[in-house]
Every structure is written in C-alpha cells, then in structure tokens.
Amino acid sequence: MTALYLNHRWKNKNIKVSLIESADIGIIGVGEGSTPSLKNFFDDIEIKESEWMPQCQATYKVGIRFDNWSTQPGFESYRHPFPSQVDKFSSDLFAKQLHIRRHGIDVEVHPDKFFIQSQLAMEKKGPIAPYHFPLENAYGYHFDSGLLGQYLAEIARLRGIGHIQAKVTDALLNNNGMISTLVTEENTQINADFFIDCTGFVGFLIQKKLQIPFISFSDNLFNDSAVVIPTPANKTINSETVSTALQHGWAWDIPLQHRTGNGYVYSSAYCDQTSAETELRKKLNLLDSDIGARHLKMKVGRVSQHWSKNCLAIGLSQGFIEPLEATALHLVQATILEFIIQFEKGNFTNQFQSQFNDTINNRFEGVRDYIVAHYRLNTRTDTQYWLDNANNPKISESLTRILQSWTGALGHDIEPEIIQQNIAGYFPVDSWRILLAGYGFFPALDHNHPQQGNIDHTEIENHQAFLKRCGVNFKTQNALLIN
Ligand SMILES: Cc1cc2nc3c(=O)[nH]c(=O)nc-3n(C[C@H](O)[C@H](O)[C@H](O)COP(=O)(O)OP(=O)(O)OC[C@H]3O[C@@H](n4cnc5c(N)ncnc54)[C@H](O)[C@@H]3O)c2cc1C
C-alpha cells in the first residue's frame, strides 16, 4: 500500500520507490476486514472493484455486529454500521430518543432500529446504491489478506516499483544517526535517501535500529494473543463482520467468497493457548475436527515517534490497536497520507516531522479510546477478565470525559465533547452514540413510577418503515458478487 501510494503521488518527481521483502520471514497473514477508507485507497490509486475484488475473494462490508458484549436485556447484540447519506434522516431522531431515554423515559433506543446499513446487514444485503437511489453509503470490505498483498505487489511491479526479495540483516547509520544503507543476508548493500519500515511487529528499523521507544497499551487493552481457524464459506454471505464476546476476549467471523475467516483475540494473562483454541473450536462446532489452528502474539501500543530521522514506520512496526474495529489498515492509510502532506510541505525535509508525529499519535489515542470503551462498558460477569475490564481504573482522561458527557456529569452533551476533543474524524458522534446505546448504557428505569412524557411513538415506527423501504432498493451480497 505504501509503495503504491508514494509511487502514485511522486511518479513525476524523479523518486524511485522499491519494496524489499523476505519470503523466509513472510507476512502476518491476518487482517481481513477494513473500514471505508480502503475504498479511498483503491480510488486514489485508480484500481476498480471489478479488478481487485474477485482476485482477493473480497466481499462488501456494511459494518460490525457485536454479540454478547452486554448483558443488559434487549442489548445483547447491536450493530455499528458505516455511515450513509441516509443517516441525515436517522441521526437527529436517534439523538432525540437517546436524550429522552437518558432522562428516564422508556422509548426505543436500540441503534439497529435507526440506521440504513444495519437494516441492510439484517437482510444480508450489500451497500451499493442502485442508479435510481439518490443517497450513497460508505462501505468497507472483507478480503483475503494474503491474496490482497500478492495482488498489490503485482500491481506495484507493473507500475515500475522495484521489488527485491532479500532478508535485511543490518542497517548502517551515518554520523548524523541517519540510515544510509541496508545490508542483506547475502551481504548486498542497498542505499537510499529515505526508508519506510514496514517490517511488522519487529519494527526492524524504527524500534531495533533507531531505538524509538514503544509505548504499550496493555494497561487498558489486555488482549495480546489470537488463534485463527478458517471454515468453509456460507452459502448466503453476510455483509457484516460479527464480533462475539467469549470468556476471555472475542471472536471474529469474517465472510469471504471462498471461506469464512474466524479468530479468537484473547488475553494470555487470563487464558492459555489450549483453552483459547478449545473455546473457539467449540464455537465453530469443530471440537472433533482436524482443521489446523494458527496461534499469534500481538504487540498492542505504538512507537513514540512514527517518523524519526530518515525513517517512517508504517503498519505493525509503528503500532497496533487490537483488531476489534478493523482499524489497522485505516491507520496505515492515514499515516501515509499525512506523511505525503507534511513531507511535501517541508519540501522533502524533516521540517514538519514533530507536527506529523503529534497528528499520528493523536489518531492512535483517539482510536484507542473507542476500542477501550467496548471493554469498559461490557456488563459480563462470567469471568475475571470481563470484570477487570469493566472496573479498569486506567482509562484515559479523554475517554472518561466522553463517558461523563453521556451521563450528564459534565454539564454538556457528548456532541460538544467530541468536537472539543477534535476526534470526530476517527469515530464520529453517531458512532459514539451507537456504542453507548448499543451496550444499553442508560440510567435504570423506575418501573414502579414510570415517567410520563409526551412521546410520539409513530415517528419511530415511520422511520423504521422508511428504512425498510430504502432497503428494498439494495441487492443481497450474493447477488452483488455474481454481477
Ligand atoms: C489477530 C490480528 C487481526 C487483525 N485484523 C485486522 C483487520 O481486521 N483489519 C485490519 O485493517 N488490520 C488487521 N490486523 C492488522 C493487519 O494484519 C496488519 O496491519 C497488516 O497485515 C499489515 O501488516 P504489516 O505489513 O505491517 O506487517 P507484516 O504482515 O508482518 O509484514 C512485514 C513484512 O516485512 C518483511 N520483513 C520483515 N523483516 C524483514 C527483514 N529483516 N528483511 C526483509 N523483509 C522483512 C516481511 O517479509 C513482510 O513482508 C490484524 C492483526 C492481527 C494480529
């Protein structure tokens, strides 16, 4: 992705981009869900869906469903849909209902009832609006990450990007501490002006060679391990990722054309590999099956500086926030695009390096808050893992303020708080409202003395009928993939 973006942007500037990778080391090979920003990537580098999707067994994604994270009656499952232009008819009504419910009056507040893409997910429909339908949906994809990597590498070769198969064993620094040369296993030396570290969790250049400190998020994101088991594709393909809370973490279900990707992300402090694999196998009805499982370790956190000297870290080498909202490739894109802006603005010098690092660090922190909120708001009591997550005192001040704005403790509502924190670009206020409402995070209702309000229930009924009528215009995932 990085090589293609840089090459696309700077092809007329006499800048030569080369990609080095080692088949011996390989790729992590997981990461099969995206946010809508992946569509921007393909649009930017001018590759059509009809070209890349079939080659990567990709499907359309309208959002994520969260099952069993909350035990609040009526909120055992909810969806976080991607935005849609239809939302302008939904958001105000949703905000109004939430306001009434937070003042103790029992009205409909389940997020699934308000948003078009949740309606589409329920009907296993895709997000592509037909020609005659005037409003568009943002959407992401599910894809085979191994195939996507190979596809992009092939496109890169066709576009003249150098591709070197070699294992880098050392990096030489000059007197200013800048990287001058990479040394390969065969003792070849590769010189360049600028180096992008895409070496995965090891962070070969940024962490190992330049010694940039890694800031762990393990205080409030406990998961550090995953086990992965693929299963055959379903005949009727879902258009959403399903994230199901299990005893010590959560399991993803990602529908691709040729298989379903499944994995269990868990904390090794609470659960060992064998128990995690058994729990996932049980969920998938594979206890007696000999389908193999892959076990992975995850390093959750970020480097303190993503760009240091003449080195930029992108991908797992710069950091990783666990995959609950599939934000890693989104952060990859955000990093590349911000780097291009700041490097060009500084006339290809390090002039705006610290501004860049602040922007990317804020982005990591903003995304982290949203992910941590899922754990904080869980109401499960079945294991110590969930109790510790719900009671974890080490949550950031920014997240604390968001929760306080929701409960009314700050004197202003959540929307001004999100604006004040300048984080709507990561997760907009609708996403925060959906999360908080989706967990059923409301004051208890007093059923003995129900509060009366002058509530117009037909408004919500009409809205649901409107969403269903909108949904009629869309095709199922299966039908979209055949066309
Ligand atoms: C459990 C899990 C689930 C995930 N789910 C999602 C998701 O749903 N959505 C999402 O967006 N992201 C997800 N991610 C993150 C996603 O997998 C990564 O962001 C993505 O695959 C990019 O990885 P990478 O290129 O940074 O690292 P890697 O895939 O590890 O690639 C590293 C590359 O560097 C090369 N390399 C390393 N060292 C050397 C060396 N010394 N010499 C030469 N070459 C070298 C390797 O050969 C390889 O090509 C997930 C991650 C995990 C762990």
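Contact, as I use the word here, means heavy atoms within 4.5 Å. I'm working on a predicted model, where local features need pLDDT of at least 70, side-chain atom pairs count only at pLDDT 80 or more, and totals for chains, interfaces and linings use all residues. Residues are numbered from 1 along each chain as its sequence is written, and side-chain values use heavy atoms, with hydrogens and water left out.

**Entry 1: K61**

I started with K61, which UniProt lists under "active site" in an unreviewed entry; such annotations may be inferred rather than shown by experiment. I found K61 in strand β2, residues 59-61 (strands are DSSP runs of E, at least two residues, and helices are runs of H or I, at least four, numbered from the N terminus). Is K61 buried or exposed? K61 has a relative accessible area of 1%, so I put it down as buried (under 20%; exposed is over 50%, partly exposed in between, with a 1.4 Å probe and protein chains only). Leaving aside neighbours within four places in sequence, K61 contacts G33, S34, F82, Y139, G140, Y141, H142, S239, T241 and A326. I also noted that the K61 side chain reaches the backbone oxygen of S34 at 3.1 Å.

**Entry 2: the cores**

Next I looked up nonpolar cores, meaning sets of buried Ala, Val, Leu, Ile, Met, Phe, Trp, Tyr and Cys residues joined through side-chain atoms within 4.5 Å. The largest has 99 residues, and W52, W69, Y375 and W432 touch the most other members. Helix α10 (residues 353-377) gives this core its largest share, ten residues. Another core lies apart from it, with twelve residues, including A171, I179, L182 and F195.

**Entry 3: a three-stranded sheet and N191**

I then traced an open sheet of three strands, in the order β7-β8-β9 with antiparallel pairing (two strands pair if DSSP finds at least two bridges between them). Both β7 (168-173) and β9 are edge strands with a single partner each, so one side of each has no neighbour in the sheet. Strand β8 (residues 179-184) pairs with β9 over three bridges.

N191 sits in β9, residues 189-191, and is the bridge partner of T181. I logged N191 as exposed because its relative accessibility is 57%. Which residues does N191 contact, leaving aside neighbours within four places in sequence? I found S180 and T181. The side chains of N191 and T181 are joined by a polar contact of 2.7 Å (a pair of N or O atoms within 3.5 Å; within protein, one must be able to donate a hydrogen and the other to accept it, and residues adjacent in sequence count only if both atoms are side-chain atoms).
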